[in-house]
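Here is a short briefing to read beside the coordinates. Keep the viewer open while going through the points.

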Amino acid sequence: MTSLVREPHSVQTGSVAQALGTDVEKGLSLTEASDRLARVGPNELRERPPVPRWRRFVRHFADPLVLLLVAAAAISLVVWILEGTEGAPIESLVIAAIVLLNAALGYAQEAHAEQVVAALRAMTETSATVIREGRSMSIPARELVPGDLMLIETGDAIAADARLVREVSLATGEGALTGESEPVSKDVHPVERDTALGDRSSMVYSGTVVTFGRGVGVVTATGMGTELGTIAGLLETVEEPKTPLQLELARVGRVLGIAVVAVAAIVIGALLATSEIHGTDGLIDVLLIGVSLAVAAVPEGL
């Protein structure tokens, strides 16, 4: 939802209220607020679409060590076929079970972590106090709409961008938005159109906190239309970086994978050079020894 008023910080309060079709004393009607919520959507930042479950499960196989185990299972299966498919391919089944169990464990851990985060998010959902039809009421912050008359006081987390209508010794902490460490004093007087964001004293912004005083403001923008939403929109194009732990584990996995393949190759080469290998059965036995060594050396749960 984009702001319905351009540069509200530079416009008189009455003009902002008129443009938003609201009364600076009574606020919006309940019907109008409901209609606007249906039209502009909830007051929340857009989230990235969730990754499908099957893709989250499959990505647990995209690891050098896991791929090494998959290759070992494939080799064991080929050996079983070459030997005449007698009995069951025990080695291949065991390795496949290990890989699947590891992927299932990783998927379950991720799912549990997501459930915990969702529960915390539900516990920390903010509310806002508004005046509608002349009555003060508390509503979920996601139900704020442009034109709402929002009441704020010390300690409140501001849930939407708003043009101040009234204030008493009001100051807000805007560090999350502008990086300013000191509280910023606010008043109702308009400022120049080209005033920097941190100096727009006639506005309060989503994502900031009231550090002192109290005030009343007309909501001018919600959701992705807020200044915080603009920043969030820019961040959507940035690829989420891996943590140092993830980078180090990936490096260790690559090194271990190369080392395991090298050691298995050396052992196979040494056996072929020092032992008397007769026929296909002997070659298969040596190959199975190399595969067994590789599987034993891989830390599956890394």
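The model is predicted. The largest nonpolar core has 17 residues, and the structure holds 11 salt bridges.

**Helix α4**

- Helix α4 spans residues 64-82, 19 residues in total.
- From first C-alpha to last, α4 reaches 27 Å, close to the 27 Å expected at 1.5 Å a residue.
- Its buried residues are Leu65, Val66, Leu68, Leu69, Ala72, Ala73, Ser76 and Val79.
- Viewed down the axis of α4, these buried residues fall within an arc of 155°, so they line one face of the helix.
- Gly84 follows α4 and has a positive phi, near 105°.

- β4 gives the largest share, 3 residues.
- Apart from this core lies another, of 15 residues, including Phe61, Ala73, Ile95 and Val99.
- Beyond its neighbours within four places in sequence, Met150 is in contact with Thr129, Val130, Leu144, Ile158, Ala160, Ala162, Gly215, Val216, Gly217 and Val219.

**Strand pairing**

- β1 and β3 pair in the antiparallel sense, over 3 bridges. Thr129 has Leu151 of β3 as its bridge partner.
- β3 and β7 also pair in the antiparallel sense, over 5 bridges. Here Ile152 has Gly215 of β7 as its bridge partner.

**Salt bridges**

- Glu7 and Arg193 meet through their side chains in a salt bridge (4.0 Å, N to O).
- Glu7 sits in the segment before α1 (13-19) and Arg193 in the loop between β5 (184-185) and β6 (203-204), so the pair ties together parts 186 residues apart in sequence.
- Glu7 is partly exposed, at 25% relative accessible area, whereas Arg193 is exposed, at 56%.
- Arg135 and Glu133 form a salt bridge at 3.7 Å, N to O. Arg135 is partly exposed, at 44% relative accessible area, and Glu133 is partly exposed, at 38%.
- Salt bridges with shared partners join Glu32, Arg36 and Arg39 into one network.
- Glu32 is partly exposed, at 27% relative accessibility, and Arg39 is exposed, at 57%.

Methods:
Residues are numbered from 1 along each chain as its sequence is written. This is a predicted model: local features need pLDDT of at least 70, side-chain atom pairs count only at pLDDT 80 or more; totals for chains, interfaces and linings use all residues. Side-chain values use heavy atoms; hydrogens and water are left out. Helices (H or I, at least four residues) and strands (E, at least two) are DSSP runs, numbered from the N terminus. The expected span of a helix is 1.5 Å times one less than its number of residues. Buried means under 20% relative accessible area, exposed over 50%, partly exposed in between (1.4 Å probe, protein chains only). The arc is that of the directions from the helix axis to the C-beta atoms. A nonpolar core is a set of buried Ala, Val, Leu, Ile, Met, Phe, Trp, Tyr and Cys residues joined through side-chain atoms within 4.5 Å. Contact means heavy atoms within 4.5 Å. Two strands pair if DSSP finds at least two bridges between them.
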